[in-house]
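Please walk me through this structure, beginning with the ligand and its surroundings and then turning to one of the helices.

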Amino acid sequence: MVQSTVGRPANDRHPDKPPLSLQNVHVSYATRRGKVQAVRNVSVDLHAGESLALIGESGSGKSTLGLAIVRLLPETARIEPGVITYRRNDREVDVLKLSRSEMRAFRWSDCAMVFQAALNAFNPVLKVWAQALDTAQAHGWHDKPAIRRRLVELLEFVQLDPKRVIDAYPHELSGGMRQRVLLALALLLNPQVLILDEPTTALDIITQRTIIKLLRQLKQEEHFTMIFISHDLAIAAELADRVATMYAGRIVELGTSDDIFYRPRHPYTLGLIRAVPTVTGGFEQLFSIPGSPPDLVKLPGGCKFHPRCTFATERCQQEEPELEQVGAEHSAACWNWREVQAELQRNPLHRGALNVLDGIGSEVEGS
Ligand SMILES: Nc1ncnc2c1ncn2[C@@H]1O[C@H](COP(=O)(O)OP(=O)(O)O)[C@@H](O)[C@H]1O
Ligand code: SF4
Ligand SMILES: [Mg+2]
């Protein structure tokens, strides 16, 4: 059973003000080949208690964006230009202006991130208890019995046996157990925002389901605000309130989970959905997006998706579209989004695969 102390109440004093707001965020990496434009002009508000999924192929900038928010990018990276604003109640923080020590405090107690490849995120010579103690003490929390009580409570929440885990070294735990320990550690200081980067990748299906259930509980019962990074659309459909599709470092479509999975308007999102193998579907439904993502050092002109897009017209090669409103809470960056809509009316989606985790129904495009 979840303890009421696992989470913290949503930012209820300013429900109109999002806890996290990104404006025109660009991130590049300096490399020998030139500047890798990993994130370009991303603007998005994260509302209190909502979970936002970032989807897109590998290399689309999802992890870079997550790392930029908690400022854990390597030295070669630059966040420029861009503004990241964090709000908790009356406090408003310009994340990109925080000092190193302020940033360390922010990273665990306001906005915590569980990394991709989390299995390597532990210090191998520290037992779980020592890792938790280190984290807590680094943030000025020195009450050992209280820290231990909280860790036990969180380990129970992630369905681990504290007796077995608390004095274990990371290598003594299975991958699924380590992932859950990391989730518990991320919750230790009661962050308001949780960023999860591919939290279920490389886990077996049963452990995946356990983690998804935990995340859903954190969201529904504890009102965590989450950014959930995944290339697995079924899991995004299961957990997200809103979804942002990323391509070549930009958000090319943003909408509610229903908008994105029932009524995609960007050809790339449509391609991602059509590429999900259906459980009940036959071979004729298998599809993959032709070509491969662009070189982020030498981006093509116009819409960055045009070399791979079956909807491309001449304009697409010259001009890059901005996000445009295509529905009440839905925007897409595509000159030809109405063609996508028409195409869906002709050839509705088969969303069998997105039903695997009973997240989404199987209606067809009708609007
Ligand atoms: N440290 C780095 N140095 C140079 N390029 C990087 C670095 N980290 C990531 N990249 C590049 O930035 C782009 C975005 O990567 P990433 O954010 O990891 O994408 P995703 O998480 O969507 O797979 C990719 O082209 C990747 O090769
Ligand atoms: S703008 Fe053109 S190339 Fe880009 S996604 Fe839309 S139709 Fe395709
Ligand atoms: Mg990644």
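**Around the ligand**

An oxygen atom of ligand 1 lies 2.6 Å from a polar backbone atom of Gly59, a polar contact in the sense of a pair of N or O atoms within 3.5 Å. The model is a predicted one, in which local features need pLDDT of at least 70, side-chain atom pairs count only at pLDDT 80 or more, and totals for chains, interfaces and linings use all residues. Residues are numbered from 1 along each chain as its sequence is written, chains are lettered from A and ligands numbered from 1 in the order in which they are written, and side-chain values use heavy atoms, with hydrogens and water left out.

A polar backbone atom of Gly61 is 3.1 Å from an oxygen atom of ligand 1, while Thr64 brings a polar side-chain atom to 2.5 Å from an oxygen atom of the ligand. Of the 560 Å² of accessible area that ligand 1 has on its own, the protein covers 66% (Shrake-Rupley method, 1.4 Å probe). Two or more residues of the shell come from each of β1 (20-31), β2 (34-46) and α1 (62-69), and α1 gives the largest share, three residues; helices (H or I, at least four residues) and strands (E, at least two) are DSSP runs, numbered from the N terminus.

**Helix α4**

Helix α4, residues 144-157, has 14 residues, and those buried (under 20% relative accessible area, 1.4 Å probe, protein chains only) include Ala146, Ile147 and Phe157. The buried residues of α4 pack against α3 (128-138), α5 (162-165), α6 (175-187) and α7 (205-220). After α4 comes Gln159, whose phi is positive, near 60°.

Key. Expected span 1.5 Å × (residues − 1). Buried < 20%, exposed > 50% of the residue type's maximum accessible area, 1.4 Å probe, protein only. Contact = heavy atoms within 4.5 Å. Polar contact = N/O pair within 3.5 Å; in protein donor to acceptor, adjacent residues only side chain to side chain.
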